[in-house]
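Subject: Structure handover and notes

Hello,

I am passing on the structure below. Please keep it open while you read the notes that come after it.

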Amino acid sequence: RRADAVDLMEGLNPQQRQAVLHEGSPLLIVAGAGSGKTTVLTRRIARLLQTGACRPSEILAITFTNKAAAEMVERITDLVGPRAKAMWISTFHSACVRILRREAKIVGLKSNFSIYDSADALRLVTLCAREADLDPKRFPPKSLMIQISNLKNELIDDEAYAATASDTNPQERAVSEVYRLYTARLRQANAFDFDDLIMTTVNLLRAFPQVAEHYRRRFRHILVDEYQDTNHAQYALVRELVGGHNHQDQADGAESALLPPAELTVVGDADQSIYAFRGATIRNIVEFENDYPDATTILLEQNYRSTQNILSAANSVISQNPDRPAKKLWTDQGAGELIVGYVADSEHDEARFIAEEIDKLCDEGHAAPKDVAIFYRTNAQSRALEEVLVRVGLPYKVVGGTRFYERREIKDALAYLRVLANPTDTVNLRRILNVPKRAIGDRAEAMVAAFAERERIPFSQALRQAEEAPGLATRSLNAIRSFVQLLDDMTTVAQTARPPRVLEAVLEQTGYLAELRASRDPQDESRVENLAELVAVVEDFSRANPEGTLNDFLEQVSLVADADQIPDKDDDGGVVTLMTLHTAKGLEFPVVFVTGLEDGAFPHSRAFTSNAELAEERRLAYVGLTRARKRLYLTRAESRSMWGQPQYNPPSRFLAEVPDSLMDWKRLGNVGASSLSAPVRTQPTFTSPRGGTSAGAGRVQANREVISLEPGEKVSHGSFGLGTVVEVSGVADKAIATVDFGSAGTKRLLLRYAPVEKL
Ligand code: ATP
Ligand code: MG
């Protein structure tokens, strides 16, 4: 499609047009759910490009998930063609990773830094708390981690915190000490956790005016979706990138004053702010006009997503929240169907009702599986739903929950790859030290760690100097030596082979796969399948990114969020989507089931004692209800097993907040005799990042001939050039040749993976 052939104003209402056309001052678009905020943002970008107001590379747009970013790129590409690819459309985290990879040297890190997910971060916090001799009962690592995360979201680094923390308050002293250690260990490991990505970027921009200047010159238009869920650090990041404010660095001020601030557009809805537990604050919306004094605010009031009944129900619930400005959201779509309510006697009965309804909707041609979403408050609630869906054969996908990348074997395999990409990555190095078992026990590990601490060297360095560490048994020392040798061999493979081959090499050469295959534990069988799936994931990645490095792959893995696994809707019938209410933000489905509406489940029992938390739960309900376009179901169960015990919870207060006139209640026994009666136990299903179920999707190895070499023979290597074989050891798959490549040095090559030819 030709860019100029598309009328970007088509179908927009006057407020939406105004928002798309607005120029100059900072722009805030506030509006309720489904009023076209994301649509307007997308069209605004397309219009900037279409009119030539700016080049694609001058645009930075921030979305809440990678998936949303990809969709936005796709939509804009549809509108203006492939030049859209030069834009930065990404999440806050991905944008910061890009900036930090480029600028790593300035902050004293290498650009191959690792990104620690929350499990890695917790492991490191636990190690630090142990190092600080803290009693884990009194100072649980998890709680320390949350406190450190909160501080980072407020841009308070370890030094700043140490300066304010009270020495006499044991809690503050503990946090301060662990924060200090944790920061030092991260730096030593050349690693960032998620919160660091943002905080470090802000600090970088503030401390290095010429770097800030570079990005300010580059990004002339900055657009942020879901602004209500930004935290303080993200707010500050936007502010630094926009520029134009009185920066503390006056010496540099003369020059930057010449550069007008970037044009900022933010869109959001305070009623959909649901990430307070991660430091998100609606302050950023409420105070926008103070933060940017010449700002323009545009309100959108027409909802295009839902029927009037659905909208009225959602409005009625959210209007119970105190301290919010009343909003008038209307639609011209007509009343539509009544909202269906169902009271089940148990969660199994609830699941059965849902499956039957979906079946009926599909039979009668009202919907296909892909049109349907089922929401719940916590991941554990998906289980009962899954059992029934499996049983009746409705195709479905659980988004989030038992995440593929959190499985032990996947984390182990990735830990190897991370160590190859970043040898100083301590957490991952320690994870694989004795996996599979290679006689480097806890005691040996502790001795190396103590040695590293005393010598102030990274753990990886200490391993290499293990003979200097006092007290190590010869057996451990030998095991450490061959482990180091193994890593070096793998590193050589990683320098030349493409990521899928590197992973294969790791799985085979470490003996990891062999150990699983030899096991009689049926769980280990599925671990092998999962690893096969991981190989297939890497192969997909390499196909899509022929130039992609191991680091690129790892970065993509680190930044995947639950919402990124939402199935595409292009296939025919598609699948029913199950997810938590949090993950549902920004999405829409023709048919929505909001389940588990019981006081104690939703709202969560935690909210009973806090008005702020109850208000947040209500916003979550508002998000859930407003995802529905045509049909909305609200269900609850009289009893639900939680923590292994049946709980009898009263109906959710949110149900009472929906006017009765909008509801069509179906009660127990109302549903046709069920063919689905007895709940069945199934294996936990999980879906892989590629969307399929795991079983045998990829093969771990295809047998290849191993070249046979003799000392003295000449070879040619894809990267190292010409060389002479010095020594050969091992046979078949394990054959290793030591080759002298002259100026490229002497290398040990695993022949199975090395791109060598005999001359
Ligand atoms: P949320 O608050 O849930 O993020 P939103 O405000 O971002 O919602 P969108 O997702 O942009 O809303 O739009 C909701 C739906 O309305 C989409 O299906 C979109 O295509 C449609 N829509 C938006 N504006 C118009 C319009 N002017 N005419 C017709 N449909 C529209
Ligand atoms: Mg939106």
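The notes below cover the conventions, the ligand site, some helix contacts and a few backbone features.

This is a predicted model, in which local features need pLDDT of at least 70 and side-chain atom pairs count only at pLDDT 80 or more, while totals for chains, interfaces and linings use all residues. Residues are numbered from 1 along each chain as its sequence is written, chains are lettered from A and ligands numbered from 1 in the order in which they are written, and side-chain values use heavy atoms, with hydrogens and water left out.

Ligand site

Ligand 1 is surrounded by 17 residues, and the closest are Q16, K37, T39, E588 and R627. A residue is near a molecule or strand here if one of its heavy atoms lies within 4 Å of it. Q16 has a polar side-chain atom 2.8 Å from a nitrogen atom of ligand 1. For Q272, a polar side-chain atom is 2.8 Å from an oxygen atom of the ligand. E588 places a polar side-chain atom 2.5 Å from an oxygen atom of ligand 1.

Helix contacts

Helices (H or I, at least four residues) and strands (E, at least two) are DSSP runs, numbered from the N terminus. Axes are lines fitted to C-alpha atoms, for helices over the stretch in contact, and angles run from 0 to 180 degrees between N-to-C directions.

Helix α4 (residues 92–103) and helix α9 (residues 194–207) have axes that come within 9 Å and cross at roughly 55°. The two are therefore oblique to each other; angles under 35 degrees count as roughly parallel, over 145 as roughly antiparallel, 65 to 115 as roughly perpendicular and the rest as oblique. The crossing of α4 and α9 is left-handed, meaning that the near helix is turned anticlockwise from the far one by less than a right angle. On the α4 side the contact (heavy atoms within 4.5 Å) involves F92, H93, C96, V97, I99, L100 and E103, which meet F194, L197, I198, T200, T201 and L204 of α9. These residues divide into nine nonpolar, three polar and one charged. Ala, Val, Leu, Ile, Met, Phe, Trp, Tyr, Cys and Pro count as nonpolar, Asp, Glu, Lys and Arg as charged, and the others, Gly among them, as polar.

The axes of helix α18 (residues 408–421) and helix α26 (residues 550–558) come within 10 Å, crossing at roughly 130°. That makes α18 oblique to α26. The crossing is left-handed. L414, L417, R418, L420 and A421 of α18 make the contact with L550, N551, F553, L554, V557 and S558 of α26. By class there are eight nonpolar, two polar and one charged residues.

α18 also has an axis that comes within 10 Å of that of helix α22 (residues 474–496), with a crossing angle of roughly 75°. That makes α18 roughly perpendicular to α22. Y416, V419 and L420 of α18 meet F483, L487, M490, T491 and A494 of α22. This contact has seven nonpolar, one polar and no charged residues.

Backbone

The V435 to P436 peptide bond is cis, with omega near -5°, and P436 is in the loop between α19 (426–432) and α20 (442–455). A439 lies in the loop between α19 and α20, and its phi is near 65°, a positive value in a residue other than glycine. F602 and P603 are also joined by a cis peptide bond, with omega about 5°. P603 is in the loop between β13 (589–594) and α27 (611–625).

Regards

Conventions: Polar contact = N/O pair within 3.5 Å; in protein donor to acceptor, adjacent residues only side chain to side chain.
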